[in-house]
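This report goes through one protein model, from the whole chain down to single side-chain pairs. The sequence and structure come before the details.

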Amino acid sequence: MKRLGFRGSRGLLLGLCAGLLAACQAPVRAPGRGPTTLRQSEKAQRESVAVTVYNQNFAVVKDTRRLKLAPGLVELSFKDVSANIQPETVQLHSLTPGARLQVLEQNYRYDLLSPSKLLEKYVGKSINVYRYDEKTGQDVKKSAEVLSVEGGVVLRIDGEVTAIAAAGSGWRFAFPEVPSSLLEKPTLVWLLDSDRAEQRVELTYLTQNLNWRADYVLKLSADDTKADLNGWVTLNNTSGTSYENASLRLVAGDVNRVQPPSPKELARAESEIPMAAPEAPQFRQENLFEYHLYSLGRPTTLLDKETKQVSLLSAEGVNVVKKLVFNGEPYFYRGRYGQLASNQKVGVFVELQNSEKNRLGMPLPKGTVRLYKADSAGALQFVGEDAIDHTPRDEKLALKVGEAFDVVGDRVQKDWSQVGSCVAEGSFEVELRNHKDTDVQVEMNEPAGGDWQLLSQSQPSVKVDAATFRFDVKVPARGSSKVSYRIRVRYC
């Protein structure tokens, strides 16, 4: 074998190094597919964005962009996506007629740039630290090695180990560069196979932390028989990105999720005075599967970490009924108790029919109804609120407003006896007292349960259902009314 001399060996080494350097600088190649072109896309290339928000704290985002690609393999960094994206739901396809666009790989990168992350990346490395010197009036610069960032920052400066417990301690850190693994925003990275230098694409994905709810304002008339109802959509965007000039749609309904997102407490920016009535409803409603879809008739912007309110409906002169309700309990009929209630409060309810005849008739998404009424000076005052579930048209809403101040009741078990196996008889007396200057009517509900039979009663009752009967009791101004009855109940 022929031996190489020093010059030959040196030439061979130089040749190998040159070859390795050229290989490092050459474009990345995939076997049989040619070089890979690097491309980036930001929201400046966005042609349109549509957001469909579900009232279960998630949304569908459809992002349309025109991309600069290249024929062959392209590594595309697609920025300005939600920080709470569900990567497994991502779908990318081309809108360019006849074009080929194949997704070979997909990566979601979310290691975001922050002071703590930057320090983590420099553990074991050197940085510059600055501290203000009051004597000289200048910053003093030191070279420091980052030893740890767990529970604080630990540095080695001038051979000594220095612990910085918290930010704001007077130290300022300077880094030579930002590590390439840290991103300023969440990014989808695809390896694509494209046959065009430019294509229009549509990206669709699910994201969490986009939510909406309905808020309603009901202004009662002076005599509590009419009301004006205004509905508002309250959107809360904490998804980690903004959607400018978006087509907005809302879905109301109970959509089944295999792993539903955890609900977060929403910021409730409430005011003493309700919002003014909108000029006209801005949402168009339609059926979607077994749910309801509400489409905003104009583009809107959903900024990250923003709560936005958009008018949903407006109705004037809605017929309402105010009710005073005094409810009993099933256990009253199962044993001997004597005095059952003293000065028990009477509940106040407002009922209305969600029908076209009653100037409504729109499917109402679940939310909170807040009730107001004008005082003697004409100023609106808050009188109560209640939550409603999704309410179809032609259904009745019953809102629990509060408890009556001037109407109270006593309930006494006058007699009780066991007359057989699982059979009891009892006598009851209810006294309702009205301290108002006007007469009132109280709906008194008695949930006997089991098999029951009224043996006697001081005034007529109405059978509500298999377990309940009701008395409608008129109580005079600054007076009282008594109702008594005897009942037999079989409870097993």
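## Overall picture

In this predicted model, 73% of the contacts between residues at least 6 apart in sequence join residues at least 24 apart. The protein chain contains 31 strands and 2 helices.

Of the 492 residues in the protein chain, 41% are buried. The accessible surface of the chain is about 27300 Å², and carbon and sulfur atoms account for 50% of that area.

## A buried asparagine

Asparagine 236 belongs to strand β16, which covers residues 226-237. Its relative accessibility is 12%, so asparagine 236 counts as buried, the cut-off being under 20%. The side chain of asparagine 236 has a polar contact, at 2.8 Å, with the side chain of threonine 307.

The structure has 31 salt bridges. One of them pairs the side chains of arginine 156 and glutamate 145, with an N to O distance of 3.0 Å. Because arginine 156 sits in strand β10 (residues 153-157) and glutamate 145 in strand β9 (residues 138-148), this pair ties together parts that are 11 residues apart in sequence. Arginine 156 has a relative accessibility of 35% and is therefore partly exposed. Glutamate 145, at 27%, also counts as partly exposed.

Arginine 370 and aspartate 215 form another side-chain salt bridge, 2.9 Å from N to O. This pair links distant parts of the chain, 155 residues apart: arginine 370 is in strand β23 (residues 367-374) and aspartate 215 is in strand β15 (residues 210-220). Is this pair of arginine 370 and aspartate 215 buried or exposed? Both arginine 370 and aspartate 215 are buried.

## A further pair and a network

Lysine 400 and glutamate 403 also form a salt bridge, in which the closest N and O atoms are 3.1 Å apart. With a relative accessible area of 29%, lysine 400 is partly exposed. Glutamate 403 has a relative accessibility of 43% and so counts as partly exposed. The limits behind this term are 20% and 50% relative accessible area.

Which residues are linked in a network of salt bridges? The members are Lys43, Arg46, Asp63, Arg65 and Glu244.

Definitions and conventions
Residues are numbered from 1 along each chain as its sequence is written. This is a predicted model: local features need pLDDT of at least 70, side-chain atom pairs count only at pLDDT 80 or more; totals for chains, interfaces and linings use all residues. Side-chain values use heavy atoms; hydrogens and water are left out. Helices (H or I, at least four residues) and strands (E, at least two) are DSSP runs, numbered from the N terminus. Buried means under 20% relative accessible area, exposed over 50%, partly exposed in between (1.4 Å probe, protein chains only). Contact means heavy atoms within 4.5 Å. Accessible areas come from the Shrake-Rupley method with a 1.4 Å probe; for residues, only the protein chains shown count as cover. A polar contact is a pair of N or O atoms within 3.5 Å; within protein, one must be able to donate a hydrogen and the other to accept it, and residues adjacent in sequence count only if both atoms are side-chain atoms. A salt bridge is a side-chain nitrogen of Lys or Arg within 4 Å of a carboxyl oxygen of Asp or Glu.
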